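Here is a short report on a predicted model.

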Amino acid sequence: TIRTQYYDGNGRGRVEVQRGKNLTYGIADLNQHKMVMCDPRLGAPMEMPLDKEMENALAGLGETCRKVSRPLGKRVIDGRPCTGIHYDMDGYSVDYWQADDIGIRVMSVCNHPALGTTVTRLRSYKAEAPSPALFQTR
């Protein structure tokens with residue numbers, strides 16, 4: 001389950017995932033062209049380089065994203081006007097809904113043949129800068 005997502009507005013994002021009692025997180029830094037995955041059970045963080053296409057895909061700008069997407073139109077989700085995009089990728093699909101007023105994802109629905117359907121939904125939003133410490137790998 002995705003617990004929390006942070007974006008600093010300067011090319012860095014952090015996603016925290018709760019799996020039972022374990023919390024793991026990933027940090028994407030588009031400025032340093034890398035992604036770091038951290039799982040306290042494994043010890044040291046795992047760092048991976050990001051190529052330009054992966055950076056663009058993370059930012060929703062990649063050529064791959066453009067080739068496999070189609071617009072879903074407009075919809076109101078939890079009182080927010082949203083614009084949707086449908087992606088078909090390697091046997092699975094994602095419907096991605098972004099709030100027009102705050103510019104972030106408020107809902108996505110991923111359909112995967114082996115993993116089933118996963119729904120991610122925004123529960124709260126704070127319009128403040130996250131602590132820089134959230135982007136450190138300790």
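The largest nonpolar core in this predicted model has 7 residues: Ile77, Cys82, Trp97, Ala99, Val106, Met107 and Val109. Strands β8 (92-99) and β9 (105-112) each supply at least two of its residues. β9 gives the most, with 3 residues. Nonpolar side chains tend to be buried together in soluble globular proteins.

Take Ile77. Leaving aside residues up to four places away in sequence, Ile77 touches Cys82, Trp97, Val106, Met107 and Arg121. A second, separate core has 6 residues, including Val36, Cys38, Leu134 and Phe135.

Now the charges. The structure holds 5 salt bridges.

| Glu47 | Lys34 | 3.6 Å |

Glu47 and Lys34 form a salt bridge. This pair links strand β5 (residues 46-49), which holds Glu47, to strand β4 (residues 34-38), which holds Lys34; the two residues are 13 apart. Glu47 is exposed, at 52% relative accessible area.

Asp100 sits in the loop between β8 and β9 and Lys74 in strand β6 (residues 69-77), so their bridge ties together parts 26 residues apart in sequence. Asp100 is partly exposed at 36% relative accessibility, and Lys74 is exposed at 64%.

Asp101 is partly exposed at 47%. Arg80 is partly exposed at 23%.

Note on methods:
Residues numbered from 1 in each chain as written. Predicted model: local features only at pLDDT ≥ 70, side-chain atom pairs only at ≥ 80, totals over all residues. Heavy atoms only, no water. Core = buried A, V, L, I, M, F, W, Y, C linked by side-chain atoms within 4.5 Å. Buried < 20%, exposed > 50% of the residue type's maximum accessible area, 1.4 Å probe, protein only. Helix = DSSP H or I, 4+ residues; strand = E, 2+ residues; numbered from the N terminus. Contact = heavy atoms within 4.5 Å. Salt bridge = Lys/Arg side-chain N within 4 Å of Asp/Glu carboxyl O.
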